[in-house]
Amino acid sequence: MTNGRINPANVPDIALRDGHSIPQVGLGVLRIDDEGLARTLGVCNFMPADLKRLHEETGAWPAVNQIELHPTWQQREVVAFCKEHGIAVEAYSPMARGADLNAGDGTIEKIAAAHEVSPAQVILRWHIENGTIIIPKSVHAARQKENLDLFGFELTAEEHAAIDALDGPTRAGHDPLTFTYA
């Protein structure tokens with residue numbers, strides 16, 4: 001890196017799973033940066049090996065890694081790696097497309113009732129307390145307002161442990177290692 005930026009002269013050609021290469025992506029980001037349209041690099045669905053390879057080849061860690069992350073798919077290894085390297089984690093599908101609202105035989109619902117909030121608020125609060133960036137999706141104004149009202153309660157250590165225990169082997173979305181983006 002030169003002055004905190006990727007030096008394109010030192011970037012070898014690395015093929016990514018989707019057919020693009022690190023130079024194509026990195027040089028595109030540099031062009032956008034040079035035009036003043038962006039200041040940092042963000043990636044999506046990068047696993048620790050991908051992040052290591054990006055760093056080894058460019059000298060840069062991304063500022064953010066957007067991954068599928070919710071109570072029933074916690075990706076602890078990826079999250080820990082990102083935290084260790086100062087990479088912010090952003091959760092897409094933070095409620096597993098709604099499937100986690102009823103997770104764990106009512107675990108989320110019980111916690112919500114204890115705080116007099118919705119199950120969605122419990123899950124979003126869990127993300128916030130874990131340091132995860134969340135951008136919940138809703139087309140309903142009432143739910144959008146509810147999604148913003150997350151700071152009037154805190155989860156207890158026991159409630160965190162109960163939500164953490166919901167982690168499982170099933171994604172809500174596609175597997176980035178096998179999904180075809182074409």
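How many aromatic pairs does the rule for ring centres give? The count comes to one aromatic pair; point 2 describes it.

1. Basis. This is a predicted model, in which local features need pLDDT of at least 70 and side-chain atom pairs count only at pLDDT 80 or more, while totals for chains, interfaces and linings use all residues. Residues are numbered from 1 along each chain as its sequence is written, and side-chain values use heavy atoms, with hydrogens and water left out.

2. The aromatic pair. Rings of Phe, Tyr and Trp (its six-membered ring) pair if their centres lie within 6.5 Å; planes under 30 degrees apart are stacked, over 60 edge-to-face, and the rest tilted. Trp61 and Phe81 are edge-to-face, with 5.8 Å centre to centre and 65° between the planes. Trp61 sits in the loop between α2 (48–58) and β2 (64–68), and Phe81 in helix α3, 20 residues apart, so the pair links distant parts of the chain. Helices (H or I, at least four residues) and strands (E, at least two) are DSSP runs, numbered from the N terminus.

3. Buried means under 20% relative accessible area, exposed over 50%, and partly exposed in between (1.4 Å probe, protein chains only). Phe81 counts as buried because its relative accessible area is 10%. Trp61 is partly exposed because its relative accessibility is 28%.

4. In α3 (residues 76–84), the buried residues include Val78, Val79, Phe81 and Cys82. These lie on the same side of the helix, because they cover an arc of only 165° around the axis, taken from the directions from the helix axis to the C-beta atoms. Glu77, Lys83 and Glu84 are exposed on the other side of α3. Just after α3, Gly86 has a positive phi of about 70°.

5. The sheet. Four strands form an open sheet in the order β1-β2-β3-β4, with parallel pairing; two strands pair if DSSP finds at least two bridges between them. β1 (42–44) and β4 (133–134) each have a single partner strand, so one side of each is left without a neighbour in the sheet. Five bridges join β2 to β3 (residues 88–92), and Val64 has Ala88 as its bridge partner in β3.

6. The core. A nonpolar core is a set of buried Ala, Val, Leu, Ile, Met, Phe, Trp, Tyr and Cys residues joined through side-chain atoms within 4.5 Å. The largest has 31 residues, of which Leu51, Ile108, Val122, Leu155 and Ile163 touch the most other members. Helix α5 (119–129) is among the elements giving two or more residues, and α5 gives the most, with five.
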